[in-house]
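Dear colleague,

Here is the structure I wanted to hand over to you. Please look through it first, and then read the notes that follow.

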Amino acid sequence: MKIYLFTAIEPAYKKDFYRQIRSQNMRVTGITAAIVTCTTLITHIITLYLPIAKSLPLGQWGPLIIIQRLLVISSAIIAILIYLIRRKLPYLQQNRYHFLVILYSLCFIGSCMALTFLAQHNPKNTMTMMLIGLLVIAMVEVFSFTQLLSICLLTGATFSFYLHLFQVDPVQLVGNLNIFWLMMCAFFVVSRLLYSYHANYFIKIKTIEQKNEEIAAANKLKTEILGIVAHDLRSPISGIRSVLHLMQEYPFTPEQENKYLQWIGEACSTADQIIEELLTAARQSEGDKLQTNYISLNEWLVNVRDNWQQQVKHQQRLLLELPQGEIKAHIHTGKMQRVVDNLLHNALKFTPDGGDITLGMRPHRGGVRITVADTGIGIPEEMLPNIFDRFTSARRKGLHHEPSTGLGLHICKQLVQQHGGNIYVSSQENKGTVFNIDLPYTVL
């Protein structure tokens, strides 16, 4: 177990931990105050009506009754306030009243001290009563280092003040002060040990929760991948099986053979693409440092446009819009190539013959914006919020029945975020879609 004697819990857990212990302190203080109210009230009744209690000197009887009544009243008020706070207020707002915990802790310790100081004028008994008060508070409350130090200093100042009033013998005065500070050190250590226990327990619980979330996410990903494999890979495999059946069962001409082989090749390419996207989505080692190259984005986008110009099978026009000045940036060319390729591929899928696809770039807010715009069929409004989700339900086949895994845009978003940027989409049905990749000035 890690001991937090003079330190606090790790920053990653600090906020949630303090929120939890404040709530716990509120609940425990309310219960403690209710118990103290009942026990002190019973003791007060016994003091009033037990004959032996009335034998106390008059100078001690009055202060004893006053202290008991004050302790009953203060404990009852605190118990009622905490009960109302916990019952009426939302969980997150309850912690605003954590000062009641510290206030009652000081009140309880002070009452234990005052019971003997004012009632018996006996510092030795004061030590006993105060030790009981300190141990009770140390065992039931969990304080931060600052709060604990404040309680120690206020208690020490109060004790020293009253000790000088009720004890004038210098030898006993020094002895009692030494014993008092030893008790305060013990109180501090016990309280910090309790803090350490709760902190270690909290960290273990959070670690277990984190691992469970990772396991649940891995299981969900596995289920989703299996679903994609079962659904999407079935189509190209079924296509290959159908073509093989035709080639085996029926005579065919050389022209038909070439057509069959072309169908098989296209089905294999589709299956390869699906498998590659599944592997990319499943990789969890993307936290490695991004290896970038300092390149001219103008030249890079010209090459991208030229490569895609040769791949356009239908009658769309692929346009390029670049700024007059050259823009250079640090990017991972392979990953950014995949992003732009995916966006261009989608634009071609959903743009009818005769439509325009524009690949553009311009400076934007100190960084650079790369745009892929089309004049295609657009994206339905209800699909836009989920367009970048993994295995999104927004996936659909292209105008020429091209398949979709629902992974492409999710992968694009991951790769852009690795560059410190973000990707946005705006679309209107039957008017077109615009994807904007915003890269920050840090890549320039």
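Two strands are taken to pair if DSSP finds at least two bridges between them, and strands (E, at least two residues) and helices (H or I, at least four residues) are DSSP runs, numbered from the N terminus. Please note that this is a predicted model, in which local features need pLDDT of at least 70 and side-chain atom pairs count only at pLDDT 80 or more, while totals for chains, interfaces and linings use all residues. Residues are numbered from 1 along each chain as its sequence is written, and side-chain values use heavy atoms, with hydrogens and water left out.

I begin with the sheet, an open one of five strands in the order S2-S4-S5-S7-S6, with mixed pairing. Its edge strands are S2 and S6 (422-428), each of which pairs on one side only. On average, and with direction ignored, neighbouring strands of this sheet are turned by 15° against each other, where axes are lines fitted to C-alpha atoms (for helices over the stretch in contact) and angles run from 0 to 180 degrees between N-to-C directions.

Strand S4 (residues 356-364) is largely enclosed by the rest of the structure, because seven of its nine residues are buried, that is, under 20% relative accessible area, with exposed meaning over 50% and partly exposed in between (1.4 Å probe, protein chains only). S4 runs parallel to S2 (residues 317-321), to which five bridges join it, and antiparallel to S5 (residues 367-374), to which eight bridges join it. Gly360 of S4 is the bridge partner of Glu321, and its bridge partner in S5 is Thr371. The hairpin of S4 and S5 has two residues between the strands, and in this hairpin Arg365 takes a positive phi near 50°.

Two helices belong with this picture. Helix H10 (residues 297-309) lies across S2, S4 and S5 and runs at about 175° to S4. Helix H11 (residues 333-349) packs on the sheet, touching S2, S4, S5, S6 and S7 (432-439), and its direction makes about 170° with that of S7; contact here means heavy atoms within 4.5 Å.

Finally, the cysteines: counting as a disulfide a pair of cysteine sulfur atoms within 2.5 Å, the total comes to zero disulfides. Cys112 is in no disulfide, and the nearest cysteine sulfur, that of Cys107, is 9.5 Å away. Cys112 counts as buried, at 7% relative accessibility, whereas Cys38 counts as partly exposed, at 48%.

With best regards
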